Amino acid sequence: MCGIVAYIGHREAYPVVLKGLKRLEYRGYDSAGVALLNGGKLKVYKKKGKVAEMEEYAMGKDVKSHIAIAHTRWATHGEPSDRNAHPHLSGDGKLAMVHNGIIENYMQLKQELLNKGHQFSSDTDTEVLIHFIQEIKQSNDCSTEEAVRIALKRVVGAYVIVIVDEDNPGTLIAARKGSPLVIGVGKGEHFLASDASPIVEYTKEVVYVNDYEIAILRADELILKNISNEIQTPYIQKLDIELAAIEKGGYDHFMLKEVFEQPQTIFDSLRGRLDAKSGTLTLGGLREHLDTLAAARRIIIVACGTSWHAGLVAEYIIEELCRIPVEVEYASEFRYRNPVVGKGDVIIAVSQSGETADTLVAMESAKEKGAIILGVCNVVGSSIARLSNGGVYTHAGPEIGVASTKAFTAQLAVLAMIALKIAQAKGSITEQRFQHLLDELHDVSEKVATALLLNDQVKVIAEKYKDARDFLYLGRGYNFPIALEGALKLKEISYIHAEGYPAAEMKHGPIALVDENLPVVFVATKDSYYEKIVSNIQEIKARKGKVIAITTEGDAMIPSMADDVIVVPEADELVAPIISVIPLQLLAYHIGVSKGFDVDKPRNLAKSVTVE
Ligand code: F6R
């Protein structure tokens with residue numbers, strides 16, 4: 001949600017930040033902008049729209065500089081427009097700033113500044129903050145660094161800011177609270193970015209800035225301080241991502257690449273953990289917490305969106321295998337309704353990005369109430385990972401497509417392993433079932449590869465239904481959350497209204513929507529709910545709905561009833577969702593593409609939602 005990139009060093013800064021913005025564009029693409037120091041003067045180029053539009057606007061202009069800050073925006077305060085695009089300038093035009101996050105008390109600060117005669121040229125909270133910093137700098141006659149420190153003590157909200165100062169041309173100042181910020185450490189150069197993707201091709205040495213830290217960056221110097229002005233020792237880590245992981249590699253879209261990566265990413269999430277041959281399962285990040293988990297009074301899963309759907313599947317699996325009550329909460333609702341949480345409760349936070357603000361604040365409030373927090377995250381070193389007492393990384397690799405795909409199946413694999421590990425520790429699973437499920441998980445990558453062979457068939461089905469106005473997705477049991485996920489993918493990518501429901505619930509209301517124009521996608525693989533879902537399909541057919549069914553090999557009944565059938569490999573019902581979601585991801589993708597939409601950057605969305 002908003003991408004920030006900045007550079008200081010021996011290279012030309014503009015090409016570095018421009019490329020960085022393109023890599024970060026998945027975080028927001030309402031507008032883009034750059035500020036740099038050219039001939040000692042601040043120059044700002046910014047434009048509404050995608051980075052390419054800003055690039056075109058800056059074409060032919062003098063962008064020579066060795067220091068630059070840049071931003072791609074997901075609008076919060078003020079519509080997407082040139083004037084609201086970042087960077088924003090201080091009143092005297094000497095400071096330029098980019099910002100990710102929300103300044104919650106900006107109205108109050110703005111009023112104070114208006115009273116002092118400040119004038120604003122945008123609707124943003126960001127412009128208020130940079131005016132506020134400049135006001136402090138002038139009235140206290142202090143350095144920009146000191147003014148930033150004083151200002152941030154007054155600020156309520158979440159932020160990453162990066163400032164370039166005309167009067168101090170060899171220095172960048174950055175600070176973070178609640179939004180991610182990575183520093184890349186090179187030889188005679190430093191990079192700053194919202195994630196490591198703009199940095200990885202230049203250096204593998206990075207520092208993750210912590211909340212309430214301020215970084216002062218020069219070409220050959222990095223100083224880290226806390227908000228009380230005490231020097232902190234930067235902890236330099238080695239990045240473990242490769243450039244290829246963040247490039248399209250011959251695919252038309254990141255989304256398609258990521259869908260097709262799933263046999264490998266699922267394998268990676270199991271690798272070194274699950275050994276079906278020896279019948280062992282090792283989850284290092286849970287080791288210390290296994291007894292607590294086995295004795296848990298309740299497990300509460302907090303997440304948002306697709307990760308919330310993974311949590312729903314986990315609820316079914318954990319309750320089945322571990323006999324521990326599980327609640328799955330929308331993180332945003334959990335946080336604000338004063339939930340009953342205490343000792344004996346274990347929270348599992350599920351998040352691809354590890355930066356989702358709603359999930360983070362839910363974790364913080366549960367932690368205050370004494371609960372143990374475990375994280376299931378994709379991004380190593382992310383805020384959610386760091387706030388957790390323990391947990392398991394999903395290891396799906398960088399997910400660039402805004403709609404989550406490979407992170408979801410990796411979450412399902414990891415959550416299934418967690419359930420198995422708890423069940424084993426608790427003694428609530430027989431050795432035989434444990435081994436059977438290890439075998440099933442071991443085989444799932446190959447079955448996903450087989451499901452991907454359906455791509456061309458799904459494309460034909462997508463073409464047939466792409467003009468439908470609405471879609472209904474239905475499933476039961478372990479496949480109910482997959483129906484929700486299928487509907488979410490379609491909404492995001494194709495802008496077609498789609499709803500997911502438990503198949504049986506359909507007759508309590510949504511069935512009123514069914515007529516010959518409504519495609520109804522049934523996720524109806526062979527499981528213990530099979531007979532029931534067959535009846536639900538009949539109910540839809542009786543009302544002339546068009547049925548697209550995801551079924552399993554060897555099923556003769558459903559294909560005889562459905563209008564279109566997509567046959568996936570059979571698997572144990574606990575593992576089947578990892579396979580049954582594949583054709584739904586492909587269906588959404590092909591419908592979105594055939595309608596001419598930018599499936600990697602769907603309108604209004606952004607990856608990594610760092611505002612509440
Ligand atoms: C849907 C999607 C979102 C995210 C949600 C949570 O395709 O990507 O619904 O799942 O914003 O994000 P994370 O998992 O990063 O916490």
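This is a predicted model: local features need pLDDT of at least 70, side-chain atom pairs count only at pLDDT 80 or more; totals for chains, interfaces and linings use all residues.
How much space lies in the largest pocket of this structure? About 900 Å³.

Helix H7 has the largest share, with three residues. If you like to think in classes, the lining of the largest pocket splits into 17 nonpolar, 13 polar and 15 charged residues.

Where does the largest pocket sit relative to the domains? Domain 1, which is 3-244, and domain 2, which is 249-451, both give residues to the lining, so the pocket lies between them.

Okay, on to the ligand. Its shell has 15 residues, and the closest of them are Ser307, Ser351, Gln352, Ser353 and Thr356. Let's look at some of the contacts. Serine 351 puts a polar side-chain atom 2.6 Å from an oxygen atom of the ligand. Serine 353 also has a polar side-chain atom 2.6 Å from a ligand oxygen atom. With serine 404 it's the backbone: an N or O atom there lies 2.9 Å from an oxygen atom of the ligand.

And how much of the ligand does the protein cover? On its own the ligand has 410 Å² of accessible area, and the protein covers 87% of that. The elements giving two or more residues to the shell are helix H9, 305-322, and helix H16, 480-494. By class, we have five nonpolar, eight polar and two charged residues around the ligand.

Which domains does the ligand lie between? Residues of the shell come from both domain 2, 249-451, and domain 3, 453-599, so the ligand lies between those two.

Now the cavities. How many of 30 Å³ or more does the structure hold? Four. I'll take two of them.

The largest cavity has about 70 Å³ of space in it. It is lined by 13 residues, and the closest to its centre are Cys2, Thr76, His86, Gly101 and Thr126. Strand E6, residues 95-103, and helix H4, residues 125-140, each supply at least two residues of that lining. Strand E6 gives the most, with three residues. Going by class, the lining of the largest cavity has three nonpolar, eight polar and two charged residues.

The second largest cavity holds about 40 Å³ of space. Its lining is Ile317, Leu321, Ala416, Leu420, Leu437, Leu441, Leu574 and Val575. What classes do these residues fall into? Eight nonpolar, no polar and no charged.

Helix H9 comes back here, by the way. Along with helix H13, 406-426, and helix H14, 431-452, helix H9 supplies at least two residues to the lining of the second largest cavity. And, as I said, helix H9 also gives two or more residues to the shell around the ligand.

Definitions and conventions: Residues are numbered from 1 along each chain as its sequence is written. Side-chain values use heavy atoms; hydrogens and water are left out. A residue is near a molecule or strand if one of its heavy atoms lies within 4 Å of it. A polar contact is a pair of N or O atoms within 3.5 Å; within protein, one must be able to donate a hydrogen and the other to accept it, and residues adjacent in sequence count only if both atoms are side-chain atoms. Accessible areas come from the Shrake-Rupley method with a 1.4 Å probe; for residues, only the protein chains shown count as cover. Helices (H or I, at least four residues) and strands (E, at least two) are DSSP runs, numbered from the N terminus. Ala, Val, Leu, Ile, Met, Phe, Trp, Tyr, Cys and Pro count as nonpolar, Asp, Glu, Lys and Arg as charged, and the others, Gly among them, as polar. Domain bounds come from an automatic or database domain assignment. On a 1 Å grid over the protein atoms alone, a cavity is a set of points where a 1.4 Å probe fits but cannot get out, and a pocket is an open set with protein on both sides within 12 Å along at least five of seven lines; lining residues have an atom within 4 Å of a point. Grid points are joined across faces, edges and corners, and a volume is the space filled by probe spheres set on the points.
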